[in-house]
Amino acid sequence: TQISLKHGSHRSGKRTDATMQRWREYGLGQFIHWGIYSIPGGGWDGKTYGGAAEWIRSWSGKDAPNDWRKTYDNLYKQFNPVDFNANKWAEQAKNMGAKYVIFTTKHHDGFCMWPSKYTEYTIANTPYKKDIVKEVVDAYNKVGIDVYLYFSVMDWSHQGWRYDIKSPEDSIAFESFKKFTRNQLLELLTSYPSAKGLWFDGTWDKSWVKQAEFADELETEMRTLRPGLIIGSRFRADDFGKRHVDSNGVMMGDYEQGWERNLPNSIEDVHGHDWDCVMTIPDNQWGYNSHWKGYVKTPYNLIEMLVKSVSLSGNFVINFGPDGKGNIRQEETSIAKEIGDWMKTNNEAIYGCSHADMKKQDWGYFTQKGRKLYLTVFNRPINNCLNVEISEKGVKPTKAYFLANKLPVAIQDAGKNKQNNNLYNIVIPAKYISDKPFVIVLELEESQTNEKAYQ
Ligand SMILES: C[C@@H]1N[C@@H](c2cn(-c3ccccc3)nn2)[C@H](O)[C@@H]1O
């Protein structure tokens, strides 16, 4: 039975408008975490902070430098990224094949990368002075990449921020915080009208979770101000504090935002929702960290996650963390280049593609667009046969070829299995050598024969 909700989800099922369809077809995105946390880059005075670099303001205890909080809160006075060139970033993202970018306008520390009228803690009061959000929006739009604005509701710099509302004082303080938050969001939408959506973060604390009505009305106000605006499942909680999906299990917002540094494993995990996965290159660093500890993902780790995401009807967003001077680090630059080279050859298997109702095979992933199946091979079988099992009656493959050079590939009929599904081997020529994942296109036709005739 349905629970009656005033502030639950206001729509079930996928959005069907053209703006959301464009979002659905992106495939690959870029996240950029850039702020004054990029200046310390994960350490200070020769000491290193153990957490995520963009959380370094919360560094405390004996490991933290003396007066760390005061030092951090004054860092903006030295923020002068002389090497910053938004056009260079946009060019690199274009070459990587990103179709959208999510940019941190304000992270949890509350520092605003745009000259907000509602606080002094902004880029306007740094030696740099200029509106970085505008520079990024203009540069990325100029190369045809859509811009989404990351905004952290949690704001450690604001006097009115509370983790929970436990007293009348908390309520009064939080009311001022809510007004401030609404003002900043309307300011962002008004100042950067080409932004296609907002990527909310910092919305898990009880204080915000208790604001079901306020957040619901604010979301409606933003959508009215900017028709088509895309807002994910993280922005608000329902009447009973449920987040991402409401108390009736219906997703809040336009797409699932829960896939942070994590991927669904099957189409069932996706629950028919639009979704994107946001992924760090090192284990768990979003802002610039001068020394990445632990494993750093290779371009092909990331390409496999990208293809897996699209094979499960999602988008994959790779995070970049420029340093305090505005440089994108060498490791990220070479990853962007390698991914871009792969995308130049294989992006037809990504853009506008989605899940194919095919049995998952060990050799890699299916993506589909219309009657074309794209088989991206990560694990080439020793026998060079890509198993394909088609359960959809009356459908058969008629053509197979390498996406890269259109050279034909043989299709062997491998009979039927016990489930009466049709089996095929797509045979990779033994002489074909590739040290990189490759794509085979399989064209499907409704077969003339009527399957029923054989039953
Ligand atoms: C998109 C990413 N979300 C931010 C984050 C993640 N978390 C977090 C907090 C507690 C548990 C797990 C994750 N807190 N903030 C990260 O700082 C980055 O901005």
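**Group meeting: a walk through one predicted model**

Residues are numbered from 1 along each chain as its sequence is written, and side-chain values use heavy atoms, with hydrogens and water left out.

Is G8 buried or exposed? G8 is buried, with a relative accessible area of 3%, where buried means under 20%, exposed over 50%, and partly exposed in between, using a 1.4 Å probe and protein chains only. Leaving aside neighbours within four places in sequence, G8 is in contact (heavy atoms within 4.5 Å) with R236, D238, D239, D246 and M252. The C-alpha atoms of G8 and F240 are separated by 8.9 Å, although these residues lie 232 residues apart along the chain.

Turning to the sheet, we have an open one of 8 strands, in the order β7-β6-β5-β4-β1-β10-β9-β8, with parallel pairing; two strands pair if DSSP finds at least two bridges between them. Because β7 (230-231) and β8 (256-260) stand at the edges with a single partner strand each, one side of each is left without a neighbour in the sheet. The partner of β7 is β6 (residues 197-201), and the two pair in the parallel sense over 2 bridges, with G197 standing opposite I230 in β7. Helix α3 (residues 86-96) packs on the sheet, touching β1 (28-32), β4 (100-106) and β10 (315-320), and its direction makes about 150° with that of β1; here axes are lines fitted to C-alpha atoms, for helices over the stretch in contact, and angles run from 0 to 180 degrees between N-to-C directions.

Now for the interior, where a nonpolar core is a set of buried Ala, Val, Leu, Ile, Met, Phe, Trp, Tyr and Cys residues joined through side-chain atoms within 4.5 Å. Which residues touch the most other members of the largest core? Of its 100 residues, they are I132, Y140 and M222, while the largest share of this core, 7 residues, comes from helix α5 (residues 168-191). Not counting residues up to four places away in sequence, I132 touches W34, F79, P81, F84, F103, M113 and I123. A second, separate core of 22 residues includes L375, V377, V395 and Y432.

Technical notes. This is a predicted model: local features need pLDDT of at least 70, side-chain atom pairs count only at pLDDT 80 or more; totals for chains, interfaces and linings use all residues. Helices (H or I, at least four residues) and strands (E, at least two) are DSSP runs, numbered from the N terminus.
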